Amino acid sequence: MRLDGRRNSTNIQDRRGVSGKAIGVGGGIVGIIIMAVVTLLSGGDLSQVAGQAMQQLGGAGQTRQTEHVADAEEQRLYDLASKVLAGTEDVWTREFREQGWGEYVPPKMVIYSGSVQTGCGQGTAQTGPFYCSADQTVYIDLDFFKTMQKEIGASGDFCYAYVIAHEVGHHVQYLTGTLEEAHRRMQQLPETEANKISVRLELQADYYAGVWGHDDNEMFGSIEPGDVENAINAASKIGDDYLQKKAYGREMPESFNHGRSEWRVRWLTKGLQSGDPTQGDTFSVPYGQF
């Protein structure tokens, strides 16, 4: 992915070394994968998507300052995240203006290490990247990108950019009212039916990530050979079916909240090809026919 000469976002905050109270949950590959099902490219709002996990983490806790020493690769990823966020700002500012959606107010991004206090509760690195609508902020522990490469074989700068653009996609849903309406409906439904709405949110965020990729490339010539393939590979390995089979040896469709791998690939690809945010209505498609 070409990012040379691109501007850095001013909406990014470095909180590495600033963490919440030291509270842990079970780790290892199974723990990471299952938490990834819930929050990798997460369902928009940590308080809704990972509320139970946050309760297990013990609530607010206390903040503390520790020294954080980043290696060269982590600093490179920080720069990448900042430039990709800036790209989403440019793309969605233009799209909101062209679609007549009003002013695009970009989200903030917090880069943290270990754990972090948010408007939605306390988050940890094990929960993966997430968007919190309460404070309109994307939270990312950069070590998660290393985890993606190690545990599911998904890597490459455009792949990481896809993760960021997906979370920003949830912010677009927040600004357009889609997120609030979906969460309102989810609160009124049994868990299995609420999960289906969550899937629709996730697939739309994948689509919006694809729209960003299309427009960013149009504006900046950012996509290089192999980039799209890397992003599609990532989408294929973060479907609920793939992750559940990897963790449990079987899939459990009633608990899907992000969608099958093939669905995620399809909507990401559709966004990349069209670049039109108005074609991403995942809520009008019969469930299971994505």
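Here are a few exercises on this predicted model, each with a worked solution.

A word on ground rules: residues count from 1 along each chain as its sequence is written. Since the model is predicted, local features need pLDDT of at least 70, side-chain atom pairs count only at pLDDT 80 or more, totals for chains, interfaces and linings use all residues, and side-chain values use heavy atoms, with hydrogens and water left out.

**Exercise 1. Find where pLDDT stays under 50**.

Start with the overall picture: the protein chain averages a pLDDT (the predictor's confidence in each residue, from 0 to 100) of 87. Next, 83% of the residues score at least 70. Then look at residues 21-61, where pLDDT stays under 50. For that stretch the model has 115 contacts (heavy atoms within 4.5 Å) beyond four places in sequence.

**Exercise 2. Work out which side chains have the most contacts inside the largest nonpolar core**.

First, the term: a nonpolar core is a set of buried Ala, Val, Leu, Ile, Met, Phe, Trp, Tyr and Cys residues joined through side-chain atoms within 4.5 Å. Buried means under 20% relative accessible area, exposed over 50%, partly exposed in between (1.4 Å probe, protein chains only). The largest such core has 60 residues, and W92, M109, F145, I164 and W212 have the most contacts inside it. Now zoom in on W92: leaving aside residues up to four places away in sequence, it touches W101, Y104, V168, V172, Y208, V211, W212 and P277. Another core, of seven residues, lies apart from the largest one; Y112, V116, C120 and F130 are among them.

**Exercise 3. Decide which side of helix α7 is buried, and why its buried residues group**.

Helix α7 covers residues 178-187, and its buried residues are L179, A182, H183 and M186. They span an arc of only 95° around the axis (taken from the directions from the helix axis to the C-beta atoms), so they share one side of α7.

**Exercise 4. Describe the aromatic pairs that F290 makes**.

Rings of Phe, Tyr and Trp (its six-membered ring) pair if their centres lie within 6.5 Å; planes under 30 degrees apart are stacked, over 60 edge-to-face, the rest tilted. That rule gives twelve aromatic pairs. W263 and F290 are edge-to-face, 5.1 Å centre to centre with 65° between the planes. The pair links distant parts of the chain, 27 residues apart: W263 is in helix α11 (residues 261-274), F290 in the segment after α11. Y287 and F290 are edge-to-face too, at 5.5 Å and 90°. As for burial, F290 is buried at 5% relative accessibility, while Y287 is partly exposed at 29%.

Technical notes: Helices (H or I, at least four residues) and strands (E, at least two) are DSSP runs, numbered from the N terminus.
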